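Good morning, and thank you for coming. I would like to take you through one structure, from its overall layout to a few local details.

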Amino acid sequence: MVNDHNHLWVDIDFTLRRVFGKTSFRPLQREVISAVIDGHDVFLQAATSFGKSLCFQLPAVVSHGVTLVVSPLLSLMVDQVAALEAYGIPVATINGTTPLSERKAIIEDILSGHPKIRLLYVTPEFCCTETFRRNLKRIHAQGELTRVAIDEAHCISEWGHDFRPAYKELSWFRETFKNPLVPITALTATATPKVRNDIVKLLGLDKDSLKWFHTPSARPNIHYEVKYVEEIDDDCTSADEERVHDLLTWLDTVRKRREARMNPDANGESNEPRPKLPPISGIIYVPLRSVADVLARILNKSGRNIRAVAYHAGLPASDRKRIQKMWASKTPPSTQLTGPCPYFSIVVATNAFGMGIDNPHVRFVIHWAPPRSFEGLVQESGRAGRDGRAAVSIIYYNRNERDRVLERVKADGRPERTSNRFAPQTAGAKKRSLEARLESFNKVIAFCESTDRCRHEIIREFSGDLELEILMSSQTTRSNQTSSSPCDFACDVCKYGTAEITQKKTEMLKASAELEAMGAYSADMHTFMYYWMTYFVRR
Ligand SMILES: Nc1ncnc2c1ncn2[C@@H]1O[C@H](COP(=O)(O)OP(=O)(O)OP(=O)(O)O)[C@@H](O)[C@H]1O
């Protein structure tokens with residue numbers, strides 16, 4: 001169903017400005033949107049904050065009929081629906097919290113033969129229900145099912161870090177909507193070649209007309225750094241002293257640098273922030289809820305004018321909603337806080353605060369321990385610098401913490417996410433899922449352990465960017481985007497040099513070895529070494 005939609009170009013630019021309030025397309029967006037409107041199946045893998053949502057939202061606005069958007073998280077759907085409503089776009093979501101009367105009104109509209117709703121957001125689980133499938137068939141028969149967009153498409157694959165069995169059932173779309181064919185747009189920020197292959201196969205994307213689009217996975221405006229820390233505190237549920245000290249020292253440096261920039265005469269010595277400066281926003285990802293609570297408390301009491309809040313799944317839903325709402329606001333946090341303006345506004349969160357969080361002002365993302373997956377590393381660090389300005393990603397790393405995370409990765413079957421009455425997980429699938437988690441975590445370790453390669457280059461390699469460049473180069477539609485991931489000293493290895501980073505790592509290793517000799521931790525080193533080595537043997 002490839003159409004000639006050249007006449008829509010005017011609409012596209014007009015819609016971008018008038019409806020979405022943006023002055024211009026970002027590189028590649030125009031090409032992707034054009035391919036979507038032309039009726040191609042589209043695979044878009046673009047870095048976090050690229051603006052992937054616009055690539056299916058704008059086509060939905062300029063086309064007739066309904067675009068079905070499959071999205072993994074309620075909070076993500078709610079955020080996007082609220083943003084689209086603010087633009088005046090007819091949009092709806094059906095999910096577990098939608099009142100019955102609202103649900104009926106939505107279904108009535110989309111079955112009316114001339115629906116007003118342009119975008120309908122649903123979860124993959126909802127797409128498995130018989131009633132909804134029946135309704136979709138009716139919309140399709142009326143010629144009003146324009147396209148399907150699969151957001152966070154990596155969730156389809158068992159090799160994707162956020163695997164959801166119900167995503168697998170989305171093969172139903174291609175099997176069912178053949179005449180006329182309903183084009184599918186798949187979007188993700190993080191997919192390895194294996195995951196991409198699964199996505200294309202499972203969704204039945206049409207290889208002949210499929211358009212691939214890709215931007216480098218590493219974000220040039222993010223400075224990636226790994227901090228090798230010695231571990232003093234062996235209590236993994238608290239916030240380790242060494243890291244707290246390092247963090248507070250780093251925040252002091254950030255503050256002094258900013259002061260010096262704002263007030264060069266004071267040589268960075270001024271203790272008083274300028275009254276109108278908004279706080280510097282950051283996220284600290286921690287592995288456990290207890291650490292989130294403790295660390296937020298420590299930061300609030302540090303005497304450094306920090307406003308820190310903990311965010312994790314153990315908080316009441318109303319608190320989480322409030323924090324997320326405050327965080328998602330496009331206005332600087334200073335205008336939303338009561339009391340004197342803090343110097344830093346920090347969310348200390350578990351990975352419950354992840355995919356899709358879109359706040360342009362985040363200047364730093366810190367991982368208190370190595371993240372559980374490589375894709376999580378890319379996704380979570382990608383919450384920083386979404387306004388395109390310089391931002392920092394720091395990972396605190398030591399081998400004790402690495403081994404603890406490994407234990408969690410192995411134990412992490414995520415029963416609440418993997419069990420699904422529509423798509424129960426088989427033993428084989430569970431095994432593949434564990435292998436995938438370990439493979440992904442091994443990439444995190446390789447990223448952290450490396451002291452002689454640009455971190456941007458490592459991200460690029462592990463994300464399989466090269467293969468995507470080859471796929472894209474076989475298309476006629478090319479982007480202006482450079483395919484390399486130029487670091488320009490935007491990582492610790494390139495900035496400080498291998499010798500200095502290796503020295504820091506050696507100090508950390510020495511301290512870890514001493515700690516181990518004292519029997520201070522009991523990680524399963526054999527298991528770890530096995531996976532570590534098999535990973536490199538396989539590569
Ligand atoms: N052409 C544009 N001009 C200005 N801002 C844009 C443009 N396109 C998108 N944006 C903004 O960029 C931000 C990020 O967009 P979006 O949330 O779609 O990113 P994403 O690619 O889905 O990222 P992630 O994978 O991290 O969720 C949003 O605030 C969006 O409004």
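I begin with a definition: two strands pair if DSSP finds at least two bridges between them. Helices (H or I, at least four residues) and strands (E, at least two) are themselves DSSP runs, numbered from the N terminus. With that in hand, isoleucine 306 has phenylalanine 344 in E11 as its bridge partner.

Two remarks on the source. This is a predicted model, in which local features need pLDDT of at least 70 and side-chain atom pairs count only at pLDDT 80 or more, while totals for chains, interfaces and linings use all residues. Residues are numbered from 1 along each chain as its sequence is written.

Now to the chain as a whole. It contains 22 helices and 13 strands. Of its 539 residues, 45% are buried; a residue is buried if 20 or more other C-beta atoms lie within 10 Å of its own, exposed if 12 or fewer, and partly exposed in between, with C-beta atoms placed from the backbone. Among the contacts with a separation of 6 or more, 81% join residues 24 or more positions apart. Contact here requires that the C-beta atoms of two residues, placed from the backbone, lie within 7 Å.

How is the chain divided into domains? The assignment gives domain 1 (12–214) and domain 2 (222–258 + 277–413 + 433–471 + 488–512). Such bounds come from an automatic or database domain assignment. The C-alpha centres of domain 1 and domain 2 are 30 Å apart. Across the boundary, 20 residues of domain 1 are in contact with 20 residues of domain 2. On the domain 1 side, helix H4 (74–86) and strand E7 (211–214) each supply at least two of the touching residues. H4 gives the largest share of that side, three residues.

The ligand comes next. Which residues come nearest to it? Of the 17 residues around the ligand, they are Lys22, Thr48, Gly51, Lys52 and Ser53. A residue is near a molecule or strand if its C-beta atom, placed from the backbone, lies within 6 Å of it. Domain 1 and domain 2 each contribute at least three residues to the shell, which divides into five nonpolar, seven polar and five charged.

Let us turn to an open sheet. Seven strands pair in parallel in the order E3-E4-E2-E5-E6-E1-E7. Strand E3 (91–93) and E7 stand at the edges with a single partner strand each, so one side of each has no neighbour in the sheet. On average, neighbouring strands of this sheet are turned by 15° against each other, direction ignored. Within the sheet, strand E2 (residues 66–70) and E5 run parallel, joined by five bridges, and valine 66 stands opposite leucine 145 in E5. H4 lies across E3 and strand E4 (119–122), at about 160° to E3. Axes are lines fitted to C-alpha atoms, for helices over the stretch in contact, and angles run from 0 to 180 degrees between N-to-C directions.

I return to E11. Why is strand E11 (residues 344–349) described as largely enclosed by the rest of the structure? It is because six of its six residues are buried. Phe344, Ile346 and Val348 are buried on one side, and Ser345, Val347 and Ala349 on the other. E11 pairs in the parallel sense with strand E9 (residues 280–285) over six bridges, where tyrosine 285 has alanine 349 as its partner. Six bridges also join E10 to E11, again parallel.

Finally, some backbone details. Most residues other than glycine have a negative phi, and most peptide bonds are trans. Glutamate 152, however, has a positive phi of about 50°, and it counts as buried because it has 26 C-beta neighbours inside 10 Å. Asparagine 305 also has a positive phi, of about 60°; with 15 such neighbours, asparagine 305 counts as partly exposed. The peptide bond from asparagine 179 to proline 180 is cis, with omega near 0°. Proline 180 is found in the loop between helix H9 (171–176) and strand E6 (184–188).

Technical notes
Ala, Val, Leu, Ile, Met, Phe, Trp, Tyr, Cys and Pro count as nonpolar, Asp, Glu, Lys and Arg as charged, and the others, Gly among them, as polar.
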